[in-house]
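Take a look at the structure below.

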Amino acid sequence: MSKRILIVDDEPHIVIPVEFLMRREGYEVAIARDGEAGLEAIRAQSPDLVILDVMMPKLNGFQVLEAVRADPALSSVRVLMLTAKGREAEMKKGVELGADAYIPKPFSTHELVATVRSLLEAED
Amino acid sequence: MIGAPLIVGVSFAYLGLLFALAYWADRRADQGRSVIGHPTIYALSLAVYCTAWTFYGSVGRAAASGFGFLPIYLGPTLVALLWGSVLLKMVRVSKAQRITSIADFIASRYGKSHLLGGLVTLIAVIGVVPYIALQLKAISRSFTILLGYPEVVMPDPAGEPPLWGDTALVVALLLAAFTILFGTRHLDASERHEGMVAAIAFESLVKLAAFLAVGLFVILYVYDGFSDELARAREVPDLQPLLSTSVGSYGDWFGISFLAALAVLMLPRQFQVAVVEIADERHLERALWLFPLYLLLINLFVVPIAIAGKLTFPAGAVDADSFVLTIPMAYEEPGLALFVFIGGLSAATGMVIVETIALSTMVSNDLLLPSLLARWRGLPPEADISRLLLLIRRGAIVAILLLGYLYYRLAGEAYALVSIGLISFAAVAQFAPAMIAAVYWRGGTREGALAGLAAGFSVWVYTLLLPSFAKSGWLPGDFLEHGPFGIALLKPQALLGVEGWNETTHCLLWSLSANVVAFVLVSALREPNAEETAQASAFVDALKPQRSAHLALWRGRAEIDELIALAERFLGPARARAAFVELARSRGVEDLERLPPDAETVQFAETLLSGAIGGASARVMVASVTEEEALGLDEVLDILDEASQIRDYSRELERKSRELEEATAELKAANLRLQELDRMKDDFMSSVTHELRTPLASIRAFSEILRDDPEIELGERKRFLGILVSETERLSRLVNQVLDLAKLESGHAEWQMEELDLKSVIEQSVTSTSQLFHDKGAAVFQALAEGEARVLADRDRLVQVMVNLLANAAKYVPAGEGRVEIRLESGAGVWRVTVADNGPGIPADDLPIVFEKFRQSAGNGEKPIGTGLGLPISREIIEHFGGRIWAEDRPEKGATLCFELPWSARP
């Protein structure tokens, strides 16, 4: 069973390369364009991993993260924050809220892929 | 028939009543329930001014010279207006420094000088003892006259009763007893004698009542009203001078009024009741009008009684002085006559009691004690000399009364006694310059006061006292008629050729002139020293709060137990300890020994002693047990200066602290604003970095993908490269905008202003955005006004604004059906350009914030609308040209952006 990845980001020019990278690794990819849609998608699909941006309309990434971590049914969902908000305080916040990884933009494609792979393998 | 036993009996009964009243009042005072705490009592006590001279003598004067008796009462009435400030100052200072008499007041003020106190006492005794004699004489005479009832017979001047049968002696001794009993209960003479004051007030009422009774009797009973009496008077040519309202020489009137005005404060008995005995300074107010009212009432019937007397008795048979008594006798009213006698007794005894207390305090404190202290070289030999001091004071009382009696016996009917009233006034008037200057002038010195008093007194002796002796036959009258050694210019009652003046006015002129001139000139010879300056400040500034400066004016060391021992010596152990215990309590100290031996305590000790032995002596005593550092004049001045500077500073401080509060409030507000701006800056920074990072991330991701994967299919590769390029453009656009905005906001932008036609700008911008519109499938319409639209602007920048607006419109119009309208119209002094599209429009709430680079829509982390910086930049540009730019609401929906620019030339 291939892993399912949900990308939640409103910037199309970010979604495209990330999607490309994930598909190349052989994962299934779903996309949501804002926080609200993202949360819904998580609940509906229970992806193995969510690549989550912060600055989004409707709900921002931190709010989504909080909601996911508050829900025991979603405890197996891995969350990787991928965001331009890269200050130390913000990274700390993400980790405190329960993110499994936090990668600031601009990001290294290698680092992104490697982190995704290790998060997904850890489960097994 | 009124027998001697009856008169004597009634008199004794009356005096007994006085004793009882005084005793009761003192008892109540000791219990703390004072009976004299009423302002009316104070005003009545001031009426001790009216003695037997008033009671009997004013009718006598009226009978001789009509209204000539009035000035003596006019003066005090007028001066009552000034009491407010002068008397108040004197009262305050006297209470603060426990001043016991006029001599103490003057001595304390001018360097705490014993010499000065002694001189004042001497003058007072010489001036006032004959006045006491006058009272005794009045009692004796009225007794003798009354005894002759129903016949009205004047006492035979030659026939004097023997010593042991002399009423005057008996009365004198009785009064001595009263005064000792009620006037020397404590050694602290600055304490009030409530019993005595109650008795005096009562006597004032009695004498007023008696006089009014006779007056009413005359008007209503003897005659049918005043007009009836007047009518009868007119029939007698003799009485013309009484009836005319001519007031004689104005100079005399003025002179005597002035003299009386001074005397009402300077007489020792007046100072005693007005200043030393006052219970509460608030009583002064009522006295201001009550005392003049009393004077009015007691003088109301003087003229009617005088007229009645002259009408009733054949000319010359009866002394006018005795009319008050002899009229009721003549009309066979023994009860009234007895009442009048008692009234006269009241008037006389009141004066004697108070005057004696005042004089004896001065004699013991300012005359005897200093010489004793000199003999003991500062410290008394015995442990407790309070009893000794009391003994001295009581002895002084007896001595003064006996002196008065002696003078009365010796002077008899002599001129000297009869005219003594005004002569006494003139003597005490010599205190006036020093007293008044004490509270208004800081420049007086000890030598000046001494010189003034000595000069004034000498002139008084020469122009009034000696002539009175000559007129009584005690001295040869030559020098009076022709001047000493025949020098006419030095005639005692016509000095330097000033002839024809009333002798009193003449004396007043010369003695006061000499007094004042000597006082001022000698004072000017040197600056006031430290002690005088300190006291000057205390006296002159008595009405201002200045406690602290006074305390600061003492430096030195003292031992507490020595101070207490000193106090015990003079006040007795019980009273001294009680006073210090009270001080300790008020300073929050547990017991006496722990009192700090500082300026306050020493000051307290000195003040405490002043009440017993006078200020000058107290100073000497305290100085002998403390090591005082004599303050130099400079230091005193500095301290006083400092005190007043401190007052000024504290006022300044108050003002400054108020200003400071205001400034702080302003600062707080500014700080809040700064914090807000800071926060906004942070928000801006984070949005900018976010805006930069996103395209950077995209660029990096695509670059890495393209680099790492050579197998990417061509179509996709092209797509990726396209996005890469476009993101690069986006990034550099953003960077340029940020830099541009920074330049514009900081004022570092360069402008090339020229006059140009808006139409050309519009045309240019439409051209450069035409591709955008074409791609979107939108149509652009222009509605431009006629003629040139000239404005003053930077062409490139203005184009930038138009392009921004058009690009926004192009971005938001719906694809395929986009409509953009550009309008150019003229308004009031401006050209207005409008760019309207048919896109989604701007929500009403966001209309004002659309130009803010800090705009955050509701909800955290949402992306800002639009490109973010285009509109803020446009605003900077338009506002730099003096115009304005805004967004408008439109009913048809779609955004409408407008800007205005001022004409550079009329269209």
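The sections below start at the interface and then turn to salt bridges and cores.

## The interface

This is a predicted model. Chain A and chain B touch each other. The contact takes 24 residues from chain A and 27 residues from chain B. The area buried between chain A and chain B is about 2300 Å². Carbon and sulfur atoms give 61% of that area. On chain A, three residues stand out: H13(A), F20(A) and M55(A). Together they supply 25% of the area that chain A buries against chain B, more than any other three residues.

Polar groups meet here too. Across the interface of chain A and chain B there are 7 residue pairs in polar contact, counting pairs with both residues at pLDDT 80 or more. Two elements of chain A, α1 (12–25) and α5 (109–123), each give two or more residues to the side that touches chain B. Of the elements, α1(A) gives the most, with 7 residues. By class, this side of chain A has 11 nonpolar, 6 polar and 7 charged residues.

## Salt bridges between the chains

How many salt bridges are there between chain A and chain B? The count is 2. R24(A) forms a salt bridge with D709(B). The closest N and O atoms of R24(A) and D709(B) are 3.7 Å apart.

## Salt bridges in the whole structure

Over all chains, the search finds 37 salt bridges. Some of them join up. R446(B), E447(B), R526(B) and E532(B) are linked in a network of salt bridges. Within it, R526(B) pairs with E532(B), and the closest N and O atoms are 2.9 Å apart. E532(B) has 1% relative accessibility, so it counts as buried.

The side chains of R707(B) and D708(B) meet in a salt bridge at 3.0 Å, N to O. R707(B) is exposed, with a relative accessible area of 55%. D708(B) is partly exposed, at 33% relative accessibility. The side chains of E754(B) and R795(B) also meet in a salt bridge, at 3.9 Å, N to O. E754(B) lies in strand β3 (residues 753–757) of chain B, and R795(B) lies in helix α33 (residues 795–812) of chain B, so this pair ties together parts that are 41 residues apart in sequence. Both count as partly exposed: E754(B) has 35% relative accessibility, and R795(B) has 25%.

## The nonpolar cores

In soluble globular proteins, nonpolar side chains tend to be buried together. The largest nonpolar core in this model has 177 residues. Which members touch the most other members? They are Y49(B), F425(B) and F431(B). Helix α6 (residues 114–147) of chain B gives the largest share of this core, with 18 residues.

Conventions:
Residues numbered from 1 in each chain as written. Chains lettered and ligands numbered in written order. Predicted model: local features only at pLDDT ≥ 70, side-chain atom pairs only at ≥ 80, totals over all residues. Heavy atoms only, no water. Contact = heavy atoms within 4.5 Å. Buried area = accessible area lost by both parts, 1.4 Å probe. Salt bridge = Lys/Arg side-chain N within 4 Å of Asp/Glu carboxyl O. Polar contact = N/O pair within 3.5 Å; in protein donor to acceptor, adjacent residues only side chain to side chain. Helix = DSSP H or I, 4+ residues; strand = E, 2+ residues; numbered from the N terminus. Nonpolar A, V, L, I, M, F, W, Y, C, P; charged D, E, K, R; others polar. Buried < 20%, exposed > 50% of the residue type's maximum accessible area, 1.4 Å probe, protein only. Core = buried A, V, L, I, M, F, W, Y, C linked by side-chain atoms within 4.5 Å.
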